[in-house]
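Dear colleague,

Please find the structure below. My notes on a helix pair and a pocket follow.

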Amino acid sequence: SEQVKAEARERYRRGAQAYVESRYKDAIDLFLEADRLRPSAALSYNIARAYQKLRDSAGALRWYRDYLRRARTPEDSRQVQRLVASLEDALRRKGIQQVTILSEPPGATVVVDSQPVGVTPWTGELTPGQHRLELRMRGYLDAAGDFELPKDDAMDVLVTMDAAPEQPAPAV
């Protein structure tokens, strides 16, 4: 609706002003609010830039990767890929790497190495190596499998969940 668009524009405007004033955490919060109202790859880019100003490598990497996923073929793809590589290297030096778990449909509970960690889409940092992934969602069959997180590159794991067979209603 026009009201939602106007509210998203206002949040973006306030976020941009906070960014100019070096209030990067406020900018992130406002850009996230705008994105919830009206999703946009450009907002992912702005969020990434603000995280970068805060020297939060993991946050910047998450949102630059989100920007590349959402924008698909942006004109600045090479530049952003170089930023992504630099941020992946910063995480590698810390002994961790980033993984994003996506599901179709979104909203599945994510369990990594027997620990519930969030809901898809979920992004987090793990030690490189073998990990066990489980996804659970009401109305869908549980999905499980292993993935190997490389030490040098962040990765996406996409899982398509199968609908659970309909159960007949219990006899009364």
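At roughly what angle do the axes of helix α2 and helix α3 cross? The axes of α2 (residues 24-37) and α3 (residues 41-53) cross at roughly 165° and come within 9 Å. Axes are lines fitted to C-alpha atoms, for helices over the stretch in contact, with angles from 0 to 180 degrees between N-to-C directions. Helices (H or I, at least four residues) and strands (E, at least two) are DSSP runs, numbered from the N terminus. The angle makes α2 roughly antiparallel to α3 (over 145 degrees).

This is a predicted model, in which local features need pLDDT of at least 70 and side-chain atom pairs count only at pLDDT 80 or more, while totals for chains, interfaces and linings use all residues. Residues are numbered from 1 along each chain as its sequence is written, and side-chain values use heavy atoms, without hydrogens and water.

In the contact (heavy atoms within 4.5 Å), the α2 residues include Phe-31 and Asp-35, and the α3 residues include Ile-47 and Lys-53.

The largest pocket is lined by 15 residues, of which Asp-66, Arg-69, Leu-102, Thr-120 and Pro-121 lie nearest its centre. A pocket is an open set of points on a 1 Å grid over the protein atoms alone, where a 1.4 Å probe fits, with protein on both sides within 12 Å along at least five of seven lines; lining residues have an atom within 4 Å of a point. Two or more lining residues come from each of α4 (57-71), β1 (97-104) and β4 (122-126). Helix α4 gives the largest share, five residues.

Note on methods
Parallel < 35°, antiparallel > 145°, perpendicular 65-115°, else oblique.
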